[in-house]
Amino acid sequence: MPLQLMDICALMDEIGIEREIIDAIDPDAPLLTQGIDSIDFPALAIAVEKKFGVDISDTSAAKLRTLNDFVRFINEKAVT
Amino acid sequence: MSLSPNAALALLKPNLERHPDKVAIITGERTVSYRRLDEQSSRFGSLLCTSCISAGDRVAIVANDSPEYFFALLGCLKAGAVAVLLNPGLGVDDYDFIFRDAGASALVTETTATAALQAQSKRPGLTLLLDDPEFAGRLSSAQAGFPSHTPSPDDIALLLYSSGSTGTPKGVPHRHGDFLSTADAFAGSVLAMSERDVVFSASKLFFAYGLGNSFSFPLRFGATVVLFPGKPDSAEVLRLISRHSVTILFGVPVAYTMLLKTMDDRNALSSLRLCVSAGESLPAPLCREWTETTGIEILDGIGSTEALHIYISNRPGAVRPGSAGILVPPFEVRLVDDEGRSIPPGTPGHLLLRGPSIAPFYWNSPEKSAETMLQGGWLRTGDIFLEEDGFFFYQGRGDDLFKVDAHWVSPVRIESTLLEHPAVMECAVSRRKVEHLVRPIAFAVLNPGYEPGPKLERELRRFVAGKLPAYMCPVQVEWVDELPKTATGKVQRFLLRQCG
């Protein structure tokens, strides 16, 4: 089954991002403009790697901006 | 006795003759002219003198970027005092150590700098609060006419503090002439900065990099600097560039990454003619992606606190992504092997540096000075580089230090903090790359009774974030049964590295 937005939200909760921030996130707007900072962002990227077995280390900076970017990225990787 | 120009006078005088009413500083709705900058800094110098601060005395400045910061710094230089520029985000213990190490006679700070004020409360000495109305009154009543100190070439004007490999800050002194030589070498010869430029630096004044970008460079070339107190987010940086028609943007790699991740309107950058990156190596893909997206080059370069600014840099129109660029004259470099012998091009070697702005010694550290400041004026940078066709490529460090968001990070510092948590029996801190940028990660051996898992990882990250600056917080904690060690019990951190 393809990954859903709520799976990423659950992961954000797991790494300690505040619930209020997660609940208010617009999935198509940049995470960095919605209370996620430059420390939370790489922690989320690594948590995604660990949980879903994808490699983000050399991903381009513009590729993963929004919550939906993460969902698309992981689902694409799962297919390939 | 030979004399040297006072840096404050050398930076201000040409502007006072050419365009005294030109805007030197923009911050928020406020502008400050070169004439006002000169007057207020003289008043500040006068205030120091009447408060019994003499030439050579150390004055710690712990403040956000602001016009008052300029008044204080220029005032110190005019009075011949040594300005000790410190990160406003340090903890009480760091300030306590640095104030004692520097022998600071005065603290210039802001009412919000509680840790610095707490450390200062244990010491005798003058405290000036830049944002206090009482200070504004004292400054306006101080004399504007003031005989500036004439330094000798070896007089120390500035003391910056850099992280050491053990995590203990070390003082890096600079002379009056160092402000001028770095401005001429980099801002003049590489950037061709002029009075038509409006500059903004995401790096703050207490960094050597930010100090050149926002202070000595624009003053040296009669440009205008935009200041922002605190840490601007990407949206704020874009707003500042657009609103003030910034022409040169100075940042560190993570700042460019954050801009790419948030920028929707590329027109916001239309005033820029150049971007500069330093502080840590700019990944080649990020360099290419930025230029493809914005149409503007990033000039990556390498500098250091010891050199005061950039000494190897890419040039406009000749950027080689992934390279730190070519030598910035009049600096000279040598690449040597472990025995100090020169090595051929294409081979990685230890970078030695010589030039006009090299710190003559470390403050109160004769042994460290002897290891680093070598005979013949050469500085051992601690960096390993490879040179090809005149371009230099960063290969890593000769020690365990690494840079995150342009800050030196000592694994020892993070490890000792993690060890304060009752769950952690042993730990080691290393690094890995996320989206091409280096981040700290931790490996922990737990005490009996503690369960490894996301809950404890979150707790440990929060624990570190509560005690150290955010950039030192590990982005990942790995649970291990034991750490790799040498026969003598020293942790082999290089075996834990997940990047170069």
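This is a predicted model: local features need pLDDT of at least 70, side-chain atom pairs count only at pLDDT 80 or more; totals for chains, interfaces and linings use all residues.
Trainee: What makes chain A and chain B neighbours here, and how many residues are in contact?
Mentor: 25 residues of chain A are in contact with 29 residues of chain B. Contact needs heavy atoms within 4.5 Å. The area buried between chain A and chain B is about 2300 Å². Carbon and sulfur atoms give 55% of that area.

Trainee: Why is the pair Glu49(A) and Arg432(B) called a salt bridge?
Mentor: Their side chains meet at 2.9 Å, N to O. The rule asks for a Lys or Arg nitrogen within 4 Å of an Asp or Glu carboxyl oxygen, so a distance of 2.9 Å qualifies. The count between chain A and chain B is four salt bridges. Over all chains, the count comes to 27.

Trainee: How do you know that Lys50(A) and Glu478(B) meet in a salt bridge?
Mentor: Their N to O distance is 3.7 Å. The cut-off is 4 Å, so this pair counts too. Lys50(A) lies in helix α3 of chain A and Glu478(B) in strand β24 (residues 476–479) of chain B, so the pair joins two chains.

Trainee: How many residue pairs are in polar contact across the interface of chain A and chain B?
Mentor: The rule finds nine, with both residues of each pair at pLDDT 80 or more.

Trainee: Which elements of chain A give two or more residues to the side that touches chain B?
Mentor: They are α1 (5–14) and α3 (40–52) of chain A. The largest share, seven residues, comes from α3(A). This side of chain A divides into 13 nonpolar, six polar and six charged residues.

Trainee: What kind of peptide bond joins Pro329(B) and Pro330(B), and what is omega?
Mentor: A cis peptide bond joins them, with omega about 10°. Pro330(B) lies in the loop between β15 (326–327) and β16 (332–336) of chain B.

Trainee: What is the phi of Asn364(B)?
Mentor: Asn364(B) has a positive phi of about 60° although it is not a glycine. Asn364(B) is found in the loop between β17 (349–354) and α12 (366–372) of chain B.

Definitions and conventions: Residues are numbered from 1 along each chain as its sequence is written. Chains are lettered from A and ligands numbered from 1 in the order in which they are written. Side-chain values use heavy atoms; hydrogens and water are left out. Buried area is the accessible area (1.4 Å probe) that two parts lose on being put together, summed over both. A polar contact is a pair of N or O atoms within 3.5 Å; within protein, one must be able to donate a hydrogen and the other to accept it, and residues adjacent in sequence count only if both atoms are side-chain atoms. Helices (H or I, at least four residues) and strands (E, at least two) are DSSP runs, numbered from the N terminus. Ala, Val, Leu, Ile, Met, Phe, Trp, Tyr, Cys and Pro count as nonpolar, Asp, Glu, Lys and Arg as charged, and the others, Gly among them, as polar.
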